Amino acid sequence: MKDFSKHPCFNKEAHHKHARVHLPVAPQCNVKCNYCNRKFDCVNESRPGVTSNVLLPEQALDYLKNLVKIMPELSVVGIAGPGDPFANPTQTMKTLSLVREEFPDMLLCVSSNGLNVGPYIKELAELEVSHVTITLNSFRPETLEKIYGWVRYDKRGYFGANAGKVLLEKQLEAIKMLKELDMVVKVNTIVIPGVNDNEVEEIAENIAALGVNLMNTIPMYPVKDTPFENIEEPSSEWMKALRQKVENYLPPMSHCARCRADAAGLLGKDSAEAAQLLSDAARLNISDGEDRPYVAVTSMEGILVNQHLGEADRIHVFRETPNGYKLVNIRATPEKGTGNERWIHLAEMLDDCKAILVGGIGPKPSSIISTHGIKIVEMSGMIDQGLDHVYKGIELRSLCKTDMFKCGSGCTGKATGCG
């Protein structure tokens, strides 16, 4: 029998003695929050959307197996990004399934913007995901327009008030479905001074009517290079007064640690040992057997990894054999100028490849291709040495990403996102 009282985020009494871990398997996001800058590999920064590594589901399970050995107080496994779990549903659901099979008594939870969680709620229930957090920042489309740059739903982009309407509609549908299945639901609201701070009571009243169990009001943290970077963070005294108003409608969460997407340990006391285990797991060579026996390479001549993915008009595909590495075939890349569809098509073309070696890659293709379970290795040098890294786990030393291939540095493209 699972003890729901052991969830440190949903039970204040538990957060001093029960630990949680966030598995960072979901890099892609489907909304653009004006307070968010999802910068990776920033170990000194504690805020949502930040992680030192993104893991494949199998790497995440290996990480978790090692983590429980050093962290017996671990009671909860969650997925909270660094993008949104349901902008990456394949990775999210596979990870949850692997964890549930290996750890049948572990509490499972997810934290989402709610846009695309609806189609997966029944499956979440089947996996006994007991706790779900939805970030809901306003019930007014005109306010949501100020908070979100865009929303992408069902392969279509939405902007302005329409983006807010679509997002809110899907969030409310999700909350109703979750409560119909008797899941514990927490709503996170990012409190943004001068934008939605005067609507928090309204949000609390409305979500209480929907049966939400807990509300977490989170003071916005000003992040560099975002539209809200110059908005001052609300004071702790002001937030305390706001939570007292929320308490008129439903219980407020008052012990939030504003966790990273790779947080591990007690709330506010993330483990340094866990950070090392995470790094080790990210380097783990995951073999999918004969289902994915190949490695793709961007190369001008088939000897060196020496081309940016966005400029490659063909991909060399190699395989390991008893007699060394052999070129299997050369595949033409999809037509340029089609935006994200180009990278989705390319990922589908490479569904028999476990990894791709590239001289450089932009953030959008990187996000989409990794979402399809293909490991991305940025390097320069001999192809064979890159293949040794993928197939044999040999560390890349001098063969690292160089500024020569860095997006925007000497790039001959037209700043169209490698589309």
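Modeller: Before we start, buried here means under 20% relative accessible area. And keep in mind that this is a predicted model.

Colleague: Okay. So is Asp-352 buried or exposed?

Modeller: Asp-352 is buried, because its relative accessible area is 19%, and the cut-off is under 20%.

Colleague: Where does Asp-352 lie?

Modeller: In a loop, between helix H9 (340-349) and strand S16 (353-358).

Colleague: And what does Asp-352 touch, not counting residues up to four places away in sequence?

Modeller: Asp-291, Arg-292, Pro-293 and Tyr-294, plus Arg-331.

Colleague: Which residues of H9 and H10 meet?

Modeller: H9 brings Asn-340, Trp-343, Ile-344, Leu-346 and Ala-347, while H10 brings Lys-364, Pro-365, Ile-368 and Ile-369. Sorted by class, that contact of H9 with H10 has seven nonpolar residues, one polar and one charged.

Colleague: I also see Ile-376 over there. Which strand is Ile-376 found in?

Modeller: Strand S17, residues 375-378. Ile-376 has a relative accessible area of 22%, so it counts as partly exposed.

Colleague: What is Ile-376 in contact with, leaving aside its neighbours within four places in sequence?

Modeller: Its contacts are Ile-356, Val-358, Ile-361, Ser-366, Ile-369 and Ser-370.

Colleague: Switching topic: how are H1 and H8 oriented to each other, roughly parallel or roughly antiparallel?

Modeller: Helix H1 (residues 57-70) and helix H8 (residues 272-282) pack at an angle of about 150 degrees, so they are roughly antiparallel to each other. Their axes are 9 Å apart, and the crossing is right-handed.

Colleague: Which residues meet there?

Modeller: From H1, Gln-59, Tyr-63, Asn-66, Leu-67 and Ile-70; from H8, Glu-273, Ala-274, Leu-277, Leu-278, Ala-281 and Ala-282. By class, the contact of H1 with H8 has eight nonpolar, two polar and one charged residues.

Colleague: Last one, helix H5. How many residues does H5 have, and how far does it reach?

Modeller: H5 (residues 160-180) has 21 residues and reaches 31 Å from first C-alpha to last, close to the expected 30 Å. Its buried residues include Leu-167, Lys-170 and Gln-171.

Colleague: What follows H5?

Modeller: Asp-182, with a positive phi near 60 degrees.

Notes: Residues are numbered from 1 along each chain as its sequence is written. This is a predicted model: local features need pLDDT of at least 70, side-chain atom pairs count only at pLDDT 80 or more; totals for chains, interfaces and linings use all residues. Side-chain values use heavy atoms; hydrogens and water are left out. Helices (H or I, at least four residues) and strands (E, at least two) are DSSP runs, numbered from the N terminus. Buried means under 20% relative accessible area, exposed over 50%, partly exposed in between (1.4 Å probe, protein chains only). Contact means heavy atoms within 4.5 Å. Axes are lines fitted to C-alpha atoms, for helices over the stretch in contact, and angles run from 0 to 180 degrees between N-to-C directions. Angles under 35 degrees count as roughly parallel, over 145 as roughly antiparallel, 65 to 115 as roughly perpendicular and the rest as oblique. A crossing is left-handed if the near helix is turned anticlockwise from the far one by less than a right angle, and right-handed if clockwise. Ala, Val, Leu, Ile, Met, Phe, Trp, Tyr, Cys and Pro count as nonpolar, Asp, Glu, Lys and Arg as charged, and the others, Gly among them, as polar. The expected span of a helix is 1.5 Å times one less than its number of residues.
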